[in-house]
Amino acid sequence: MDDYTWKRRLRQRRRRQRRHLFLFILLIASVIGMSFWYAFFYTRTPEYALKQLSAAIEERNTEAFKKYVNMDVLSSRAYDDLTVDLFAYDSTLTPKSKVMFEKFYIMIKPQLSMGLENAALTRIESGAWSLPEGTDILKGRQLGIDFERFIERSQVRNTTFVSIGSIEHDGSTATAEVNIMEDYTQTPFTLQLVMEQAEDGHWQVSYIKNYREYLDLIAPLQNRDIASYIDNTQGIVDEYNGIFDEYQSRFRQLTATSSGNLSAAQRKNIAALLENEVIPALKKRQQKLDEVEIPAGAQYLARQRQHSTETTIKAWQHFIKGCRDNSQAEFSTAETLHKQELAIDLRVQDIIRHTAISKNIPNLP
């Protein structure tokens, strides 16, 4: 190899080395730049917050969920929209009583808002909806509020996330579009989530800008289906109301006593009435109701009716056992179940009448 060729190859090798070094430095700079961008810019964007929020729901991470949602503001604004929507469809209230109950809802807002928060966090943590435990005001036991129906009317349990849409930035606030589907009626809708920056710079969902519009869209659709379902089942309900009125009259006659204690013969006859006639009639009524086609928006009402039947049957079964064993414990269990059934029946009536306030919720044990 001559001297010229050797020097040419040496220059080529050095150029390759410089090129490789340059590419390596560029790669390191890109990694550092991306890391810096991710840590100090992207993690402080609404887009990042929404992705983390979605991941928190999927992973059942309540702490992350609370980080990216301003629960206090969200539940407060949602509560205001929901109560306005509730009163809009209650035709039983006079203007005077409406004002009174609106003030009442304002008074109990902290408790019910907290109940909404707890229900949402329980859903995140467990993957299932359940009612808050241990707070009487949330269950309608003292002030006429049926929290079960309150949650149902919020539509949160029957709304499915579909996708994240566009996000518009406006200084320290942003509006994110989230596409959803109302499960009963399969109605699509786009929620507008207003997002704001927390003190440390990360973004949070603060409130739903058009939540009231969503409620106003869904409620009439569900009410239409509920009205159709009520019409289609009215004949069955009327028929069995007459039958159960007769059973109630016979039950009162059989339980009449001057001493306050049922005799052995009375207990035997009562157990026979319940087991051979009342419970079969309850099952037959429910069978006929189940044969009626349920419109999409009336599914909740149909489930409540079914739940009422199941609870009543359980109550009577315990009462029968109490009669046969002369067991006060079984009678007490039956009484508790009957009170629960009464609460369900009142809820059914409230749904049918579209009332905002359940005025007769019993003081459950």
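Helices (DSSP runs of H or I, at least four residues) and strands (DSSP runs of E, at least two) are numbered from the N terminus. The model is predicted, so local features need pLDDT of at least 70 and side-chain atom pairs count only at pLDDT 80 or more, while totals for chains, interfaces and linings use all residues. Residues are numbered from 1 along each chain as its sequence is written, and side-chain values use heavy atoms, with hydrogens and water left out.

Next, select T45, which sits in the loop between α1 (3-40) and α2 (46-58). Is T45 buried or exposed? T45 counts as buried because its relative accessibility is 9%. If you also show Y48, you will find its backbone nitrogen 3.2 Å from a polar atom of the T45 side chain.

Then move to Q186, in the loop between β2 (173-182) and β3 (187-197). Q186 is not a glycine, yet its phi is positive, at about 55 degrees. Most residues other than glycine have a negative phi.

Finally, select helix α10, residues 299-325, whose 27 residues reach 39 Å from the first C-alpha to the last, close to the 39 Å expected at 1.5 Å a residue (the expected span is 1.5 Å times one less than the number of residues). Just after α10 comes N326, with a positive phi of about 50 degrees, and N326 lies in the loop between α10 and α11 (328-353).

Conventions:
Buried < 20%, exposed > 50% of the residue type's maximum accessible area, 1.4 Å probe, protein only. Polar contact = N/O pair within 3.5 Å; in protein donor to acceptor, adjacent residues only side chain to side chain.
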